[in-house]
Amino acid sequence: MKNKAPAILALGILSLLGQPKVTWAEEASRKPRIALVLSGGSAFGIAHVGVLEEIEAAGIPIDMVVGTSMGSIVGGLYASGYSPGAMADILADLDWTGVFSDNRASAGDRFQRRVRSSYSLRLGIEGRGLEFGEGLIAGQSILSLFTSLTAHIPRLASFDSLPVPYRAVATDLMNGDKVVLGSGSIAEAMRASMSIPGLFRPYEIDGRILVDGGVVDNLPVDVARALGADLVIAVESRGAAPTDPAQLKSPVAIAAQTANLMILQNMGPSRAQADLFIQCDLRGFTTASYQDADRLIQRGREAGQAARPRLLELARRISASRPLVLPEEEPNRRALAQIPALAGLEVSGGAPADETLARSAFAPLLGRSASRDELKAAIDAVYATGSFDLVKFGVEARADGARGSLSLVPDLSSDRALFLGLDYSGTYSSEYSSSFGLGTALFLQDLWGQDSSLLVTANFVNSLRLGATWFQGLGPFYFQPWLDYSSDYDALSFSSTGVVLGKHYRSAGAGLWAGLALGRDSDLVLGYAFQGIASQDFADTAFHPLSSLRAAVFLDGRDASAFPEKGLLFSGGATLAGGFLGGEISYFQAELGLDAVFRTGPRDSLGLALFAGTDLAGLAPGFSPVPSSFYSSLRRPGMFYRFSASAPEIQGDHALGLGLKWRRRIARINPLFGRVYLFANASLGLSALQGDRLASLPLLWCASGGLQVRLSPSLGLQLAGSLGRSETSALGLAPALSLELGSFLQRPEDRR
């Protein structure tokens, strides 16, 4: 009760002392009955939690709660027994990036994500025509979260049987009807009500295809009145309307404002019908400010504090007819309990093998009261296999004990798409270096069973690359035979001596990867390749056979591949090529990379990038140098932005580099992932050719700063100004400007 006015406590205590004790049933039947109505508003709706704290502090009993979208989530948690403080802890600690992603651990799903991450535009090929973009979020992660938080409440014939009756509002996508959800699973009601069109897939309940209720009723005061509410407290948590026509210049801004106007129209009557209307000031936030949950809740508290005189007056009116209550005595608190011990599990949907898998995941939970984390982990484990579009869980109250009900919704979708991608790297200094690629791909999934895919690629402009990959998943294992032809050079440079082509590289060959999926974003792979490799000399047309064995490990726990704000990337690879395998070229090469990012504040992060590569030539007897086209290079994400990819100073048989980076988010450009950052980077490193000793080489360094723009989790744009050591400059220093566009993702098995 900290920071609450003594008058509020006094009012509640006097009311409690002055009224006789009554049963909960008697109190619920008393007049007036008070309803809390919570608006939709995406991330803005998190502020409802702070307002709710102030309403409870005034001693006002809450007899029912009705919500739309985020309001339905806060309302559903409240009806399930959570206090505002508990909800604040849940919302502030959530990994929102994980909540808005549905990554599965199957090898095929990860291969599909890898393809998507390499291209900026997807054109879906289905019987219904072309589809643009990445597709809609299925919402399994958020459904699993809701299910674990509300699993102590069984499926109900009516939400009226809760200590605080609850309703969630959704929209029937087929006919536009308002759908009031008042029975069944609270988790599914919440999930249906917040199905934001264009972001989440519609959710089906009882044959109706449902989307966000804000489309038809964003502040459902009328629903509360229909439930018998005598007094309605309505809370609106939405962003501020634009005040300057200049804010409405872009198509996105115009479309967003048009949707806002439609919602404002359906909220107008509800505002007038509420007995007490509270509006939160959420200027400075956006619909995607989920990471700012603490600050949004504080804004809600401030709105509640500003409404304190009106809340106290309403409490005084209520106390004339019924007792006020202390926060911990609100009737909703009686709903919170442990998840009941499950006497059994019923599984529907899926094949017999799917049922066996599901029962295996849930077996450790039977016969005892499982924790919420354990339940969520079991649901996620079933979904992670990749066989299902959704995994729904609920608890059925039976005479012989509670039983779990697991519904497996088969994944009948297939991803058949054309992909387009751009990659560009340009460095502007005393010389100009440019490397540009236009990539296209045809991706056909599930051609011969689940987890089977065909990927055909073609890259043009600065390089010509043609390839085909067949992917076949077998549980956690997968096989990936491939064919590839490439003819490219590392960069195109312009200097006072004319146009210079970087190291030319041509190859044609085939190979096979065999991999093991170690998690949602981790792989261990082994491979063999037989290729014809051309000399870097452009005039040399001869191909030399290269036969190699390869091994690689890749672990990516970052929240995005383009400019992550947190997470860890580790990659390592080794290649052994030799005559004993049937080739003319012999060498060994190993490379390790680490990229760790730590969030240091709501908008700030610090990162560390490490890289080491060597062929052991000159360091140990019997090792041959790699061909120049296979040199290890310090020019990679996280370090040495002043140098072009083919700069001789930063590549060789051996390379060792360190990059330190700071990043601050300064703007958002789309609801979930689009960000604009300021960044600074400092890089230190050494590179050497065969025979050079790293200990005797001058230390390379580079300092950079500029802008980074993340357009999607895997597509970014970077503009950097740099200053670094230069062997060709009279001052020993050289400035540079660099521009990069692409996925900023490097995997060791893709090394040439």
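Me: What does the secondary structure come to, in helices and strands?
Reply: In this predicted model, the secondary structure of the protein comes to 15 helices and 33 strands.

Me: And how much of the protein counts as buried?
Reply: Of its 752 residues, 52% count as buried, while the accessible surface comes to about 31,000 Å², with 61% of that belonging to carbon and sulfur atoms.

Me: Which residues have the most contacts inside the largest nonpolar core?
Reply: That core has 78 residues, and those with the most contacts inside it are Leu36, Ile46, Ile55, Ile60, Tyr166, Leu181 and Ile233. Helix 4, covering residues 70–79, gives the most to this core, with six residues. Apart from it lies another core, of 21 residues, which includes Ala151, Leu345, Phe362 and Ala402.

Me: Back to Ile46, what is it in contact with, leaving aside neighbours within four places in sequence?
Reply: With those neighbours set aside, Ile46 is in contact with Met70, Leu91, Trp96, Tyr290, Ala293, Leu296 and Ile297.

Me: Last one, what share of the contacts with a separation of 6 or more comes from residues 24 or more positions apart?
Reply: Such residue pairs account for 66% of those contacts in the protein.

Conventions: Residues are numbered from 1 along each chain as its sequence is written. This is a predicted model: local features need pLDDT of at least 70, side-chain atom pairs count only at pLDDT 80 or more; totals for chains, interfaces and linings use all residues. Side-chain values use heavy atoms; hydrogens and water are left out. A nonpolar core is a set of buried Ala, Val, Leu, Ile, Met, Phe, Trp, Tyr and Cys residues joined through side-chain atoms within 4.5 Å. Buried means under 20% relative accessible area, exposed over 50%, partly exposed in between (1.4 Å probe, protein chains only). Helices (H or I, at least four residues) and strands (E, at least two) are DSSP runs, numbered from the N terminus. Contact means heavy atoms within 4.5 Å. Accessible areas come from the Shrake-Rupley method with a 1.4 Å probe; for residues, only the protein chains shown count as cover.
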